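Here's a quick tour for anyone meeting this structure for the first time. Take a look at it, then read on.

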Amino acid sequence: MDTSFAEYVADQVGELGEVRIKKIFSSYGLYLGETFFGIVNEGVLYLKTNPETAKKYQAVGMGPFTPSQDQVLKNYLEVPPEIIDDKDQLVAYVEEACGV
């Protein structure tokens with residue numbers, strides 16, 4: 001499995017500290033220190049949310065991480081693609097995810 005997208009995300013938010021990438025099943029988990037904040041699966045980034053922070057993801061049609069038709073992780077929502085390439089916005093999203 002290719003880690004290049006996960007490494008790109010880690011590089012984008014590197015100013016926050018060292019981001020560790022750990023293989024979890026068919027995806028990659030993203031950690032800042034001991035905080036598990038995101039999942040990369042098939043070139044898509046999902047960040048941890050709560051009912052309040054999820055609203056901005058849902059407002060632009062972003063859905064939850066669904067590793068199988070029997071499993072939906074409703075607290076991990078897809079990050080809009082335009083955010084991933086905007087380093088400052090992505091850092092803000094990850095800071096928020098780490099605070100959840």
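## Charges

The chain has 8 positive and 16 negative charges, and their mean positions sit 8 Å apart. Here Lys and Arg count as positive and Asp and Glu as negative, with His and the chain ends not counted; each charge is placed at NZ of Lys, CZ of Arg, CG of Asp or CD of Glu.

## Ground rules

This is a predicted model, where local features need pLDDT of at least 70, side-chain atom pairs count only at pLDDT 80 or more, and totals for chains, interfaces and linings use all residues. Residues are numbered from 1 along each chain as its sequence is written, and side-chain values use heavy atoms, leaving out hydrogens and water.

## Layout

You'll find four helices and six strands in the chain, in the order α-β-β-β-β-α-β-β-α-α. Both are DSSP runs numbered from the N terminus: helices are H or I with at least four residues, strands E with at least two.

## Aromatic pairs

There are four aromatic pairs, meaning rings of Phe, Tyr and Trp (its six-membered ring) with centres within 6.5 Å; planes under 30 degrees apart are stacked, over 60 edge-to-face, the rest tilted. Tyr46 and Phe65 make a tilted pair, with centres 4.9 Å apart and planes at 50°. Tyr46 belongs to strand 4 (residues 44-48) and Phe65 to strand 5 (residues 64-68), so the pair ties together parts 19 residues apart in sequence.

Tyr57 and Tyr93 pair edge-to-face, 5.4 Å centre to centre with 75° between the planes. Both Tyr57 and Tyr93 are buried (under 20% relative accessible area, 1.4 Å probe, protein chains only).

Technical notes. Buried < 20%, exposed > 50% of the residue type's maximum accessible area, 1.4 Å probe, protein only.
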